[in-house]
Amino acid sequence: MKPTPPIDRVALEAILAPGSSGRMLPSEAYVSEEVLAWEREHFFARSWVCAGRATLIAEAGARHATSVGGEPVILVRGSDGAARGYFNVCRHRGHELLACGASAKRSAIHCPYHAWTYDLDGRLTHTPRFDPPAGFEPSEHGLVPVGVAEWAGWLFVNTSGDAIPFAQHLGAFAALLEPWQPERLVVGATHDYESPTNWKLPIENYQECYHCSAIHPELCAVSPPESGDNYTLPGAWVGGTMDLATHAETMSFDGHSNGVALPGLDDVQRRQVIYVGLFPNMLISAHPDYVMTHRIEPVRAGYSRVECQWLFDPDAVARPDFDPAYATEFWDLTNRQDWAACESVQRGLESRGYRPGPFSLDEDAVCQWVQLVARSYLAGELAVDS
Ligand code: FES
Ligand SMILES: [Fe+2]
């Protein structure tokens, strides 16, 4: 049996009871550092986690260092054009090969500490002025690889190397998102946030609009909060649609777009936004004229970093008068309204007065998400239907 996290098992089983409309997870799921350590090991390391856009390593020799679920990773574009990844840890004495967040481009990977050098396939090729001990074999000291998948213009990393196949992880979501052709789109803006909330709270909050009429008057003006349907399709994701108001062509303060309508969409897709939470920590919101993503990185049990990006049609971004503010300012306000709510919930979860409450019928996607998490806690690994 796989190890399960230190969470009340009876409470998890109640969430999954047949006919249950679900309830919040027990408080330890949101406040315990032990649970977060378990999640890093079993949800983040053993899963596929988005590491950012593939354009971070556009050409052969390009590399980018990042953190994936707390693990240091260096992403590299090989001379064959394939994306590869390694732990960003030198095989000599553990120095980072590149500072986290930095990018570089060279035909070999040099460690800045004692200049050990690796080729783009991770092989150790030079150990300058190193007096090797007896039996030292450079071939045994290559960089430690991680799994990398490139899809729709994003890079996904599996640091344990034993996640389910990436296609199974995506399930039906790959076909659902295809009309937006995200691989064509370019980053028009990025906002970074820090929030004293557990990483799962912004995802739960994202899965319902029951709160919209209370805290998002601007959003309700362009998208009826009770509109749309949820998907129940295979894959490690939960999500659904919301309609645009009659006067609105996209999500912006006045409903107008300053971008370009994405060419692959049909009449229905041009009147909707799809909102999907891809396990474990990526939110993808596909609008008629842009795709917005959130990547939520846990820092501590009660503290997270969020990177929000907006992707636009290249023709829009190339226009001299293009300004992404119509989308970014609208969602920046909405994001901040959401973070304030999540931070308040986090404070409630830390109280001895917290009792997990039930979901309304309008919170059915939150229920789906929480049940995916609860099922995976009990299974000791991501428990996804194929
Ligand atoms: S730690 Fe990298 S060369 Fe010494
Ligand atoms: Fe919200």
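Guide: Domain bounds come from an automatic or database domain assignment. Keep that in mind here, since the model is predicted.

Visitor: Which domains does the assignment give for the chain?

Guide: Domain 1 covers 9–43 + 170–379. Domain 2 covers 49–162. Their centres, taken over C-alpha atoms, are 31 Å apart.

Visitor: How many residues of each domain are in contact with the other?

Guide: A general point comes first. The size of an interface is often given as the accessible area lost when the parts come together. Here we have contacts instead. Twelve residues of domain 1 are in contact with nine residues of domain 2. On the domain 1 side, seven of the touching residues are nonpolar, four are charged and one is polar.

Visitor: Now the sheet. In what order do the strands run, and is the pairing parallel or antiparallel?

Guide: Strands of a sheet pair through backbone hydrogen bonds, either parallel or antiparallel. In this model, seven strands make an open sheet, ordered E1-E10-E9-E4-E3-E2-E5. The pairing is antiparallel. From one strand to the next, the twist averages 30 degrees.

Visitor: Which are the edge strands?

Guide: Strand E1 (49–53) and strand E5 (103–105). Each of them pairs on one side only.

Visitor: How many bridges join E1 to strand E10?

Guide: Four, with E10 spanning residues 154–158. One residue pair to find is Cys50 and its bridge partner in E10, Phe156.

Visitor: What joins E9 to E10?

Guide: Five bridges, and the two strands run antiparallel. Val148 has Val157 in E10 as its bridge partner. E9 and E10 also form a hairpin, with two residues between them. Look at Ala152 in the turn: its phi is positive, about 55 degrees.

Visitor: And where does E9 meet strand E4?

Guide: Two bridges join strand E4 (residues 83–87) to strand E9 (residues 145–151), again antiparallel. Tyr86 stands opposite Pro145 in E9.

Visitor: Which residues have the most contacts inside the largest nonpolar core?

Guide: Ala51 and Val157, in a core of 100 residues. Helix H11 (residues 364–379) supplies the largest share of this core, nine residues.

Visitor: Why does this core lie between domain 1 and domain 2?

Guide: Because both domain 1 (9–43 + 170–379) and domain 2 (49–162) give residues to it.

Visitor: What does Val157 touch, leaving out residues up to four places away in sequence?

Guide: Val157 touches Val49, Ala51, Val68, Val73, Gly85, Val146, Gly147 and Val148.

Methods:
Residues are numbered from 1 along each chain as its sequence is written. Chains are lettered from A and ligands numbered from 1 in the order in which they are written. This is a predicted model: local features need pLDDT of at least 70, side-chain atom pairs count only at pLDDT 80 or more; totals for chains, interfaces and linings use all residues. Two strands pair if DSSP finds at least two bridges between them. Axes are lines fitted to C-alpha atoms, for helices over the stretch in contact, and angles run from 0 to 180 degrees between N-to-C directions. Two residues are in contact if their C-beta atoms, placed from the backbone, lie within 7 Å. Ala, Val, Leu, Ile, Met, Phe, Trp, Tyr, Cys and Pro count as nonpolar, Asp, Glu, Lys and Arg as charged, and the others, Gly among them, as polar. A nonpolar core is a set of buried Ala, Val, Leu, Ile, Met, Phe, Trp, Tyr and Cys residues joined through C-beta atoms within 7 Å. A residue is buried if 20 or more other C-beta atoms lie within 10 Å of its own, exposed if 12 or fewer, and partly exposed in between; C-beta atoms are placed from the backbone.
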